Amino acid sequence: MKKIVVLEGDGIGPEITQEAIKVLEKVSQIRKLPIEIEAHLLGGKLIDREGVPINETVIHACQEADAVFLGAVGHPKYNDLPLEQRPEFGLLSLRKALGVFANLRPGLMFDALKAYSPIKANRITQPFDICIVRELTGGIYFGKKTESDDGNTRIDEMAYSKGEIQRIAKIAFEIAQKRSKRLTSVDKANVLTTSRLWRTTVEEVGKAYPDVTIDHLYVDNAAMQMVINPTQFDVILTSNMFGDILSDEMSVITGSIGVLPSASINESQKGLYEPIHGSAPDIAGKGLANPIASILSIAMMFRYSFNDEKAAKLIEEAVTDILNQGYRTADIDEEGTTLVSTREMGDLIIGAIKA
């Protein structure tokens, strides 16, 4: 029995979560995997009910679960509150409580969506499939922050330990072994001492994976190369800030942020799965949201937390099939395609899942 905690979140979160869970239940039945789903609140809805974005009940439930699925959190009405009272703090606290340090962001170019990419077709010689492995709990975002007495000088410290780099590199190499056995490590070793440690440590870890080819790129060159020729990449391993920037760049290149899933995992492969898009409260309840990113996040759950590659493929193939048939939600609608609602897209994908 696999226990899954579901946090539908804010804005479009409930709509996309509903479709994702329908897919989860169907594929679990096909694969004969008993599951138990437990729902909790996180973010804005919990603030409205209890005045806090996360509580110990939610944290404990997620820690006891085999996997956690999150819709999305956030709403402009909370923006003037201190960080610890905003919905986003609930997500940050949950990541910390689960110890998820590896953020996996696939960037898949569906052949049916090539026209939506801002990159010219002749630059995309074939549909690409990139997985960015981003270190999630270290680096400049979590470094010591200081400022001068007059407030005119402020410092954000970037720090990485060898152990932090080793554990994220190990996950990246293991993922590369299951893909095309190519790994690109992205750093800024010509300028940053943390990047020099990053590069030497990645090389050391790589000795245990002789079947994986390693190359290194400076982050500015990597950003440029992703636009010039994204098909050259397979697995990209990088630090927290660099991964944040590169994964957002990648999301635009694929054509729509509405189709990109993500996973954040710890050393035991327990994962927090969520779409990379936000809560989009301006379209909440209108049936306009694209549920594909959430549905593909369920595929990642099967792949990484449940070690069921066949289940993941069932979902991914169904999504590809429906897109190839020309069905689109509002974010990717164009002339010649069939516009469907959030729920209709979910039902179409469920119908395309073949046992």
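Predicted model: local features only at pLDDT ≥ 70, side-chain atom pairs only at ≥ 80, totals over all residues.
Modeller: Residues are numbered from 1 along each chain as its sequence is written, and side-chain values use heavy atoms, without hydrogens and water.

Biologist: How far apart are the closest N and O atoms of Glu 274 and Arg 95?

Modeller: Side chains of opposite charge can pair when their charged atoms come close. Here the closest N and O atoms are 3.6 Å apart, and the two residues form a salt bridge (a side-chain nitrogen of Lys or Arg within 4 Å of a carboxyl oxygen of Asp or Glu). The bridge links distant parts of the chain, with Glu 274 in strand S12 and Arg 95 in helix H4, 179 residues apart (helices, H or I of at least four residues, and strands, E of at least two, are DSSP runs numbered from the N terminus).

Biologist: How many salt bridges are there by this rule?

Modeller: The count is 21. One of them joins Lys 45 to Glu 8, with 2.6 Å between the closest N and O atoms. Lys 45 lies in helix H2 and Glu 8 in strand S1, 37 residues apart. Lys 45 counts as partly exposed because its relative accessibility is 32%; for Glu 8 the value is 25%, so Glu 8 is also partly exposed.

Modeller: Asp 129 and Arg 179 form another salt bridge, at 3.5 Å. Asp 129 is in strand S5, and Arg 179 is in the loop between H5 and S8, 50 residues away. Salt bridges that share partners also join Glu 19, Lys 22 and Asp 347 into one network.

Biologist: How many aromatic pairs does the structure hold?

Modeller: Three (ring centres of Phe, Tyr and the six-membered ring of Trp within 6.5 Å; planes under 30 degrees apart are stacked, over 60 edge-to-face, the rest tilted). Among them, Tyr 160 and Trp 198 are edge-to-face, 5.5 Å centre to centre with 70° between the planes. Tyr 160 is in the loop between S7 and H5, whereas Trp 198 is in helix H6, 38 residues apart. Both residues, Tyr 160 and Trp 198, are buried.

Modeller: Phe 173 and Tyr 209 are stacked, at 5.1 Å and 5°. Phe 173 belongs to helix H5 and Tyr 209 to the loop between H6 and S9, 36 residues apart. Phe 173 and Tyr 209 are both buried.

Biologist: Which residue has its charged end over the ring of Phe 101?

Modeller: Arg 167, at 4.1 Å from the ring centre (the rule asks for NZ of Lys or CZ of Arg within 6 Å of the centre and within 35 degrees of the ring normal).

Biologist: What is the phi of Lys 181?

Modeller: Most residues other than glycine have a negative phi, and most peptide bonds are trans. Lys 181 has a positive phi near 60°. Lys 181 sits in the loop between H5 and S8 and, at 32% relative accessibility, counts as partly exposed. Ala 280 also has a positive phi, of about 40°. Ala 280 lies in the loop between S12 and H9 and is partly exposed because its relative accessibility is 25%.

Technical notes. Buried < 20%, exposed > 50% of the residue type's maximum accessible area, 1.4 Å probe, protein only.
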